[in-house]
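My notes follow the order in which I looked things up.

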Amino acid sequence: MKLPSLQVPEFIRKIKFRMPGRTVRLIALLLLLALSGYTYYLDTTIREAFEGRKFALPARVFGRALELYPGLKLTRERFVDELKLLGYHEKPDPKEPATFTFTLSGVEFTTRQFKFGDGTTPSQHLHIEFEEGAVSLLQEHQASDVDVPLVRLEPPLIGGIYPGHNEDRDLVQLKDVPKQLIDALVAVEDRKFFTHWGIDPRGIARALFKTVTGQRIEGGSTLTQQLVKNFFLTSERTLTRKANEVLMSLLLELHYSKDEILETYLNEIFLGQDATRAIHGFGLASHYYFDKPLDRLDLQEIAMLVGMVKGPTVYDPRKKPDAARERRNVVLKEMVAQNVISQQQFVATRDKPLGVMARAPSGTSPYPAFMQYVHRQLQRDYRDEDLRSEGLRIFTTLDPFVQQQAEEAVQKRLAALEKARRLPADTLEGAVVVSSTQTGEIQAMVGGRQARYAGYNRAIDTQRPIGSLAKPIVYLTALEDPAHYTLITPLDDSKLVWKQRGAPDWKPQNYEKTFHDKVQLRVALAHSYNVATARLGIDLGVERILDKLPLYGIERKPPPFASSLLGAYGLAPVEVAQMFQTFADGGFRTPLRAIRAIVTADGTPLQRYPLNVEPVSAAGPVYLLTAALQGVIREGTAVAMKNWLPPEMNVAGKTGTTDDLRDSWFAGYTGDRVAVVWVGRDDNKPTGLTGASGAMTVWGEMMKAVQPEPLDPVMPDEVEMANIDPASGVRYDDGCAAGMQLPFIKGSAPAEMAACPVVSGGEGASVTDGSGKALQVQPDGKSVVKPAAASEGGPEANKKSWLQRLLN
Amino acid sequence: MSNNRAVMALLDRAEVDFTGGKRDAAGAALERALRIEPRNPWLWHQLAQVRLSQGQYAQAITLAKKSNSFSGKQHRLQADNWQLIGQSRIGQGNTAGAEDAFRRSSDLAQQSQAENGAAATSVTGNLN
């Protein structure tokens, strides 16, 4: 600071001259005044700096809390993964919160107390057992063990949001910092930290001596001084600076407690440089170097970070691993000397590798795509100032297990596809959205193949032509008119030329470049015949169909051309997910949501995002559409799904392939989940993949891993089943062994009964689809198999075999 | 209402919250239960009741319809859902619609009684 030069008035000079005794006193007084003025200035400066760095606590973002109850489908392995994700440690007698141990066929563990939006869950000492892939016992350890019906674990922390500041901070509170880290820091950097007044006189004396005697100017800095230095980062090293630093340190200690100073230090200290991004604070450094939160660091990792305080560039573990390792061991040795760790601990850790991630994650959240989506929802629903309230807790819907399966399926399948098809490596990209059918909660979102690295989020930011994924809307519109359309209505799949104003003549082609004359409606959808669909859509009215899109959550307006019927317009995977969610949920639209609730630091709910449901389509036609979409997997374009999921799953879905095989889509649903997968290239070049050969394989791989519930929609009142000959469409008596059960809106099934064909072979004969299986078309999975064909059929038997398959 | 004790525990909790005037919390507990049993029509019905008490009539109606969509042949529950729809329509000022709903409710109630004999009573857990 430049102090203004004082103009000494004439009369003062006269006073000075005439009264020397008083003059001295006056000068002393003025000097004192000036000094206190300067001190005051320093005081203001340092306080401003400190208050500015005492960041508002970030909003903390949590994934879904795992609810445990007897009967829950969960394996021990998966359960322990969840505990580890929550930072639980294995310990022989797990009575402390966040510890666990294995029992013969289960786990004994103690939860942490956790403040949810709807109250606090206490810490509980529990015992869980597993049998046949499900929780078989859940008990609380008390005087005697008691069964508990339900336990809600703490939710995993998945990220932080820092309103008003650089998003990429990971602020820690002192109470969350491992004691070892503080011990190490004090041992190495400032042993007297907890007792000094901000400076260490001996250190200063030594520094002064060295400076005055012309040696290099050097440290002797306390943590407080280092913090002050960090506030005004300049490389300038002068005596004035040093004096300012000393004064400011004293002032800082005067105003703030040791804990406050230490906490700010831990969040402020410079620990590395990532291109243009400075890595400040131990919280962020922990993610940057080790890809995990601070409280999960091991001793040698803590020692490495503490060692880096002295010089983040000199001891950069990525660029100078040897120096970093040497420095780490110096820290460990110092910790032994200060009795912070034992000699044994030292010996056990000194030879360990650095364990630094080769590539730094780009942010602090392991789920950047999902976090980005949460961020968008917040920005849409909140003003920035609402989010500034300190320490908000944001409860989201992310399910880390589903997310992991989605990420792995994308990585594994895309690599396999590139290899099998001799595509250049790393050219395919992918995106996935998974939501829960009835609640619309987004459980997983993958924005690209490198799911851990923030960047272009293909799940929400790419709009790619959806191709045949647009067809269900056309068919649903038809099925809503049961007087004219049923699942077996013959559609015309012969050559079509469509003239429309404002667009060139349109001559839709089928994928195989052939035409099929008359095909049943359900067959046209199952095999994704373009020409039949186009003619159907044109008959129903292009505008009528496109105008329905907003009902299914599609805000974007496709061009008003007939080609839009076949999906010649771009949508993001998340938009497609919204559309299929409505089909999956029987015509109820539940807006997809990523946030359940936002709670202030003191536990007051700021806002809940309650379940919001809107009926947009009658249940009957949607039930019929689901039956037709099940046909896509049973006998249509996605028949290869059987390589991943057994037919009893009754999956409904649709493949999508765009011109020149640029985009490969699959959207589908099981009893509990809706998922959409897109595969393509960022440069929009052809991939050589159809929806079935690309995206469907990712979908199947992922769903197989998450073990979905079979699709079994409730048959609406307005629907009835009829026994239909699959080829001719004629109706047989219900008792006839030929034919298959198809759903119809009541009154729309063929009225006339054909004679039941006499089948040779007696018992056990039925119409088959060529694979020897009896045809099953009913979407509810009940009485699916013809009595004659399967004596021990029925959904229970199916479920069992599915489970057995999983266990085998 | 459910064979799952976890769901029953959450239903109890919803009831306690609801009677204590904490309607948001009651709704949250029901949503937790719905995550466990998303196709349980009782849970959807209870959630509809909470929304009705909060004056969210459109949501109450939709949730009651959703409950019906999972209710199969449970005519008593369907009657209760139509009752709730009627009350919500009154809240919306739709008297004609309400009357229609009440009529459907009493038809279904009669049907249920005919099926179960005169001894049948409402099995819907009322949150009030």
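The entries below go from chain A to a hairpin and then to chain B.

Conventions. I worked from a predicted model, in which local features need pLDDT of at least 70, side-chain atom pairs count only at pLDDT 80 or more, and totals for chains, interfaces and linings use all residues. Residues are numbered from 1 along each chain as its sequence is written, chains are lettered from A and ligands numbered from 1 in the order in which they are written, and side-chain values use heavy atoms, with hydrogens and water left out.

Chain A. I found 23 helices and 33 strands in chain A, taking helices (H or I, at least four residues) and strands (E, at least two) as DSSP runs numbered from the N terminus. Of its 808 residues, 54% are buried (under 20% relative accessible area, 1.4 Å probe, protein chains only).

I looked up strand 16 (residues 429-436) of chain A, which pairs with strand 17 of chain A in the antiparallel sense over four bridges (pairing requires at least two DSSP bridges). A:Val433 stands opposite A:Met445 in strand 17 of chain A. Five residues lie between the two strands of this hairpin, and A:Gly440 in the turn has a positive phi of about 70 degrees. Five of the five residues of strand 17 (residues 442-446) of chain A are buried, so this strand is largely enclosed by the rest of the structure.

Helix pair. I noted that helix 4 (residues 57-69) of chain B packs against helix 5 (residues 75-91) of chain B at an angle of about 165 degrees, with their axes 9 Å apart. That makes helix 4 of chain B roughly antiparallel to helix 5 of chain B (an angle over 145 degrees).

Methods:
Buried means under 20% relative accessible area, exposed over 50%, partly exposed in between (1.4 Å probe, protein chains only). Axes are lines fitted to C-alpha atoms, for helices over the stretch in contact, and angles run from 0 to 180 degrees between N-to-C directions. Angles under 35 degrees count as roughly parallel, over 145 as roughly antiparallel, 65 to 115 as roughly perpendicular and the rest as oblique.
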